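Try each task before reading its solution.

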Amino acid sequence: MAVLSAKHAIDTALEAARWAPSIHNTQPWIFTTSGEEISLRADPDRKLRVSDTSGRELLISCGAALYTLRTAMRCEGWDPVVRILPDPDRPSLLARLRPGAEMAPDESLKTLGREIERRRTHRAGFADVPVPDRLIERLTRAAMEEGARLTPVRSPDAVRVIAALTQAAQGIQAQDRRFSLEVVRWARPPGSARRDGVPAEGYPRRAARTDPDFPQRDYSWRHDWGSQADQRTETCAGVVALLTTRGDGRQEWIDAGQALQHVLLEAAAYGVSAAFHTQALEMDLLREFLRHELCSDEYPQMIMRLGITFDDKGSVRRSVSEMTM
């Protein structure tokens with residue numbers, strides 16, 4: 001009976017992992033199973049070769065998938081045994097995971113599990129509804145549990161600096177045809193049957209400016225794509241937060257991804273969504289400036305805004321069979 005339950009936990013974990021967040025919804029992971037063990041590999045064909053030459057964002061995305069696997073398995077009553085980067089001679093093999101001891105999931109864990117499929121990335125402004133400080137404290141603890149630091153940016157001047165860096169990076173990347181074509185590769189036209197990338201209804205056709213303005217990716221480059229939902233009342237930037245790590249290697253990138261997903265699921269459980277801004281982090285000089293001036297010399301892995309939105313949108317994911325081999 002325990003063997004059957006472990007098999008069910010593995011199947012459930014794989015089904016859940018496909019809902020993990022990833023840069024441009026690239027879903028850059030491959031899962032393989034052997035007996036009662038899941039292997040998580042990076043999919044090099046889904047790497048962003050222009051904006052993510054180091055593979056940092058790819059590994060953050062895969063780290064988010066790893067945390068989702070862990071959470072789903074725990075919700076099924078198994079404490080997972082995880083080995084990260086288990087084989088130095090196989091760099092694409094990021095982690096191995098198997099059911100360990102049986103456990104009884106508590107209500108807070110079950111709550112996170114229920115948010116895995118419901119969580120959505122937001123790509124516009126937020127309603128002028130405050131995010132409680134108590135929740136922000138909870139989110140900082142969640143990131144810390146996974147080996148990263150989440151720092152809310154309380155200084156209005158610092159928020160304006162981060163917004164300005166995002167504007168500068170977006171402006172520079174918009175002038176670079178390689179960047180633009182890479183983003184468009186992962187933008188889906190209306191009616192597309194593909195189950196990866198960002199669907200046209202996943203971002204506003206013309207996003208209202210936030211204050212200060214955090215520009216979004218131009219997924220509709222030279223097209224009239226995007227949702228026509230009226231978001232003129234959602235122009236608040238929300239709570240700007242930086243996710244950082246002490247180191248900046250493959251282990252830390254995976255840790256950052258696990259921390260990110262833990263934070264997102266905790267936030268979603270309280271009705272809070274996140275918008276991501278990685279433009280400045282894809283430019284070495286701007287990322288170094290952020291590290292030294294605003295991150296106490298820790299390495300910024302994600303810039304995000306947290307807030308309330310009443311814009312309900314769907315999402316797309318590939319099937320488990322498309323992600324496994």
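## Exercise 1: the whole chain

In this predicted model, 56% of the chain's 325 residues count as buried.

**Task.** Work out what radius of gyration a compact globule with 325 residues would have, and compare the chain with that value.

**Solution.** Start with the rule: 2.2 Å times the number of residues to the power 0.38. Next, look at the extents: the C-alpha trace spans about 55 × 40 × 40 Å along its principal axes. Finally, take the contacts between residues at least 6 apart in sequence: 76% of them join residues at least 24 apart.

## Exercise 2: two packed helices

**Task.** Describe how helix α4 (residues 133–145) and helix α7 (residues 250–269) pack.

**Solution.** First, the geometry: the axes lie 8 Å apart, at an angle of about 150°. Angles over 145 degrees count as roughly antiparallel, so α4 is roughly antiparallel to α7. The crossing of the two is right-handed. Then, the residues: α4 contributes Leu135, Arg138, Leu139, Ala142, Ala143 and Glu145, while α7 contributes Ala259, His262, Val263, Glu266 and Ala267. Sorted by type, the residues of this contact are seven nonpolar, one polar and three charged.

## Exercise 3: one residue

**Task.** Is Ile84 buried, partly exposed or exposed?

**Solution.** Locate Ile84 in strand β3 (residues 78–84). Its relative accessibility is 23%, so Ile84 counts as partly exposed. Beyond neighbours within four places in sequence, Ile84 contacts Leu66, Leu94, Ala95, Gln251, Ile254, Asp255 and Gln258.

Conventions
Residues numbered from 1 in each chain as written. Predicted model: local features only at pLDDT ≥ 70, side-chain atom pairs only at ≥ 80, totals over all residues. Heavy atoms only, no water. Helix = DSSP H or I, 4+ residues; strand = E, 2+ residues; numbered from the N terminus. Buried < 20%, exposed > 50% of the residue type's maximum accessible area, 1.4 Å probe, protein only. Contact = heavy atoms within 4.5 Å. Axes fitted to C-alpha atoms, helices over the stretch in contact; angles between N-to-C directions. Parallel < 35°, antiparallel > 145°, perpendicular 65-115°, else oblique. Left-handed = near helix turned anticlockwise from the far one by under 90°. Nonpolar A, V, L, I, M, F, W, Y, C, P; charged D, E, K, R; others polar.
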